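Here are my notes on this one, as numbered points. Have the model open while you read.

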Amino acid sequence: MSANKNLIRQQNIQVVLKELFKKGSSFASDLVKDTGISMVTINSLLKELVAEGSVTKGELIQREIGRPAIEYRFNYQYAKSLLLALVEVDRKLVLKSYLIDLKGTVLATQQQAFTEITPAAFQILVRQSIEAFPEAQQIAVLLPGKISQGVVTSSWYEKFDGWNLDQLFKEVTSLPCVYQNDAHLLTVGHCIAKQISLSENIVGIYNPENSMPGITLIFNAWLLEGKNALAGEAKYLPGFLDQGAPKSIQELIARLAALVPFYNAALAPDRFIFASTAAIEEDLLAAITQDPLIAKQPNQPIYTFVQDFDQAMIFGLHWLLFRNTPYDLSC
């Protein structure tokens, strides 16, 4: 019986936190109406949350009707997280670091260039980021590669293949760490930024200039990764496997346009989300519109483009840390 009571209490805490996180502030009486939890329990939960610091207790406020009441506010800076993004800038790899609060607001940033791409050099940059942001309580990493059980299975120019991220981070920090592929996080982050439901069936395609595309498949709010997380590794598709990275913007556009009828026929998604470091939106849309194969296909998806990469990365990494918690921005 005691275990059941504790479980119910923890569930109620999650409900109250989610409500306060979403609204920013609320009165106890409003929490009762919004959650269906009794006033006695709400007051007890709020007392506990105020004591731990995730919620702050404001002043008495005179409401339009009734007696003055205390306003409770969610403390978005109760916990801070470190986001690490390995991205290509001017054909060089850099590590972008962001310190964020629970809402995903960026509190501080840092950028470091790789002098060499080795596990040891990566650990040095990670350690420097952790030292620069000692307030961080957990870490999320965006990597240009597919990751299965903490090990990189396929990556940007094969530079990270075989890296055991679990081991590399354990040697540097005791903070909890999670990792995910860049295409996946850009796609999810764009959806959160634009309030696109992850319940849509989505094909995300991220193709940086002078690189190979990564594909993201989201169906029924589930990220499909396949064996060894290799689902959507487009560099292994016919036409990519034997040709290498595109040598011009025109070739990049042609290859991306050629992917659309394949995935449109095989998966019939609601939406394609494209991301590229090159300016391709207008020409790619024209190529897709003029493709006779797509014109013959019954599925007519929506086409959208990631334009704010930093925002998409940050929201994607936030989702990686907080999905299925009261702080999940995709809900």
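1. Where does Leu230 lie? Leu230 sits in the loop between β13 (222-224) and α7 (249-267); helices (H or I, at least four residues) and strands (E, at least two) are DSSP runs, numbered from the N terminus. Leu230 is partly exposed at 31% relative accessible area (buried means under 20%, exposed over 50%, partly exposed in between, with a 1.4 Å probe and protein chains only).

2. Before going on, some housekeeping. This is a predicted model, with local features needing pLDDT of at least 70 and side-chain atom pairs counting only at pLDDT 80 or more, while totals for chains, interfaces and linings use all residues. Residues are numbered from 1 along each chain as its sequence is written, and side-chain values use heavy atoms, leaving out hydrogens and water.

3. Now the salt bridges (a side-chain nitrogen of Lys or Arg within 4 Å of a carboxyl oxygen of Asp or Glu). The count comes to eleven. In one of them, Arg9 pairs with Glu48, the closest N and O atoms being 2.9 Å apart. Arg9 is in helix α1 (residues 2-23) and Glu48 in helix α3 (residues 39-52), so this pair ties together parts that are 39 residues apart in sequence. Arg9 is partly exposed at 27% relative accessibility, and Glu48 is partly exposed at 30%.

4. Glu19 is buried at 11% relative accessibility, whereas Lys23 is partly exposed at 42%. Both belong to a salt-bridge network that also takes in Lys22 and Asp34.

5. Take a look at Lys96 and Asp310 too: their salt bridge has its closest N and O atoms 3.5 Å apart. Lys96 lies in strand β5 and Asp310 in helix α10, so the pair ties together parts that are 214 residues apart in sequence. Lys96 is buried at 18% relative accessibility, but Asp310 is partly exposed, at 32%.

6. Last, the nonpolar surface patch. Which residues form it? Leu230 turns up again, together with Tyr236 and Leu241, and the three have about 290 Å² of accessible area together. Patches are made of residues with over 30% relative accessible area and no salt bridge, joining like charges within 9 Å and nonpolar side chains (Val, Leu, Ile, Met, Phe, Trp, Tyr) within 5 Å. Accessible areas come from the Shrake-Rupley method with a 1.4 Å probe, and for residues only the protein chains shown count as cover.
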